[in-house]
Amino acid sequence: MNRRLAHGFDSEHENVPRPPVRAVVALGSNLGDRVATLDAALAELQRLPLVDDVRASAPVESVAVTPDGPDAERPAYLNAVALVQTRLAPSVLLAFLQAIETRHGRERRERWGDRTLDLDLIAYGDVVSRDAHLTLPHPRAAERDFVLVPWLSLDPDAEIPGAGRVEDLLAQLRSTA
């Protein structure tokens with residue numbers, strides 16, 4: 001296996017094995033056969049190199065969110081969260097996620113538009129990154145009940161680095177709704 005997968009494309013690390021890290025991936029679909037698409041995407045996640053384990057939540061349905069807010073006129077989303085044990089570098093994992101989206105017909109025409117598949121890297125261990133190509137944790141994860149609810153169902157002790165416990169963040173969202 002190419003060491004660049006574990007260290008990233010721009011890494012200067014040589015011959016240092018990366019320990020497994022738990023990454024959180026949000027999955028969403030609001031076009032086509034949503035269930036089949038999420039199932040296929042999860043199967044592809046399980047086949048990625050340097051991925052040792054994938055656990056997925058049950059899917060939840062949510063209203064489409066646009067830059068102007070929730071839009072019940074748009075097709076509803078089916079969302080899930082996967083916990084992934086991986087030795088892939090975060091940038092490499094993100095590249096694989098984007099390739100899976102593309103294979104499922106994802107087109108990036110408009111911000112927050114309808115899509116066959118959306119895969120977001122929500123968290124990667126306790127890594128915090130403000131890089132232009134990879135922001136970790138995901139900047140809006142703490143504001144999205146369709147991410148927090150399925151994540152909490154998989155891990156009652158889950159935390160978003162720098163934001164807090166998922167359970168507390170969800171309670172905060174619900175109290176302001």
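Predicted model: local features only at pLDDT ≥ 70, side-chain atom pairs only at ≥ 80, totals over all residues.
Colleague: Let's start with Ala76: what does its relative accessibility make it count as?

Modeller: The general idea is a scale with two cut-offs: buried is under 20% relative accessible area, exposed is over 50%, and partly exposed is in between, using a 1.4 Å probe and protein chains only. Ala76 comes in at 28%, so it counts as partly exposed. Residues are numbered from 1 along each chain as its sequence is written, and side-chain values use heavy atoms, with hydrogens and water left out.

Colleague: Where does Ala76 lie?

Modeller: Helices (H or I, at least four residues) and strands (E, at least two) are DSSP runs, numbered from the N terminus. Ala76 lies in the loop that links strand 5 (69-71) to strand 6 (77-86).

Colleague: And which residues does Ala76 touch, not counting those up to four places away in sequence?

Modeller: Read a contact as heavy atoms within 4.5 Å. On that basis Ala76 touches Ser29, Asn30, Arg34, Glu61 and Ser62, once residues up to four places away in sequence are set aside. There's a C-alpha separation to look at as well: Ala76 and Ala64 are 12 residues apart along the chain, and their C-alpha atoms are separated by 5.5 Å.

Colleague: Zooming out, how many helices and strands does the chain have?

Modeller: The secondary structure comes to 5 helices and 11 strands. Of the chain's 177 residues, 43% count as buried. If you take contacts between residues at least 6 apart in sequence, 68% of them join residues at least 24 apart.

Colleague: Let's do a helix pair. At what angle do helix 4 and helix 5 pack?

Modeller: For packing, axes are lines fitted to C-alpha atoms, for helices over the stretch in contact, and angles run from 0 to 180 degrees between N-to-C directions. Helix 4 (residues 145-154) packs on helix 5 (residues 166-176) at about 140°, and their axes are 10 Å apart.

Colleague: How should I label the orientation of helix 4 and helix 5 to each other?

Modeller: Under 35 degrees is roughly parallel, over 145 roughly antiparallel, 65 to 115 roughly perpendicular, and the rest oblique. Helix 4 and helix 5 are therefore oblique to each other.

Colleague: Which residues of helix 4 and helix 5 meet?

Modeller: From helix 4 you get Asp145, Leu148, Val149, Trp151 and Leu152; from helix 5, the partners are Val166, Glu167, Leu169, Leu170, Leu173 and Arg174.

Colleague: How far apart are the axes of helix 2 and helix 3?

Modeller: Helix 2 (residues 34-46) and helix 3 (residues 90-103) have axes 11 Å apart and an angle of about 145°. On the helix 2 side, the contact is made by Ala41, Glu44 and Leu45, and on the helix 3 side by Leu97, Ile100 and Arg103.

Colleague: Back to loops. Is Ser57 buried or exposed?

Modeller: Apply the accessibility scale again: Ser57 has 7% relative accessibility, so it counts as buried. Ser57 has its place in the loop between strand 2 (51-56) and strand 3 (60-62). Leaving out residues up to four places away in sequence, Ser57 touches Ala80, Val81, Pro150, Ser153 and Leu154.

Colleague: Which residue has a positive phi although it is not a glycine?

Modeller: That's Leu50, with phi of about 60°. Find Leu50 in the loop between helix 2 and strand 2. Leu50 counts as buried because its relative accessibility is 14%.

Colleague: What about peptide bonds: which one is cis?

Modeller: Look at omega. The bond from Leu136 to Pro137 is cis, with omega near -10°. Pro137 is in the loop between strand 9 and helix 4. His138 lies in the loop between strand 9 (134-136) and helix 4 too. At 17% relative accessibility, His138 counts as buried, and beyond its neighbours within four places in sequence it contacts Asp120, Leu121 and Ile122.
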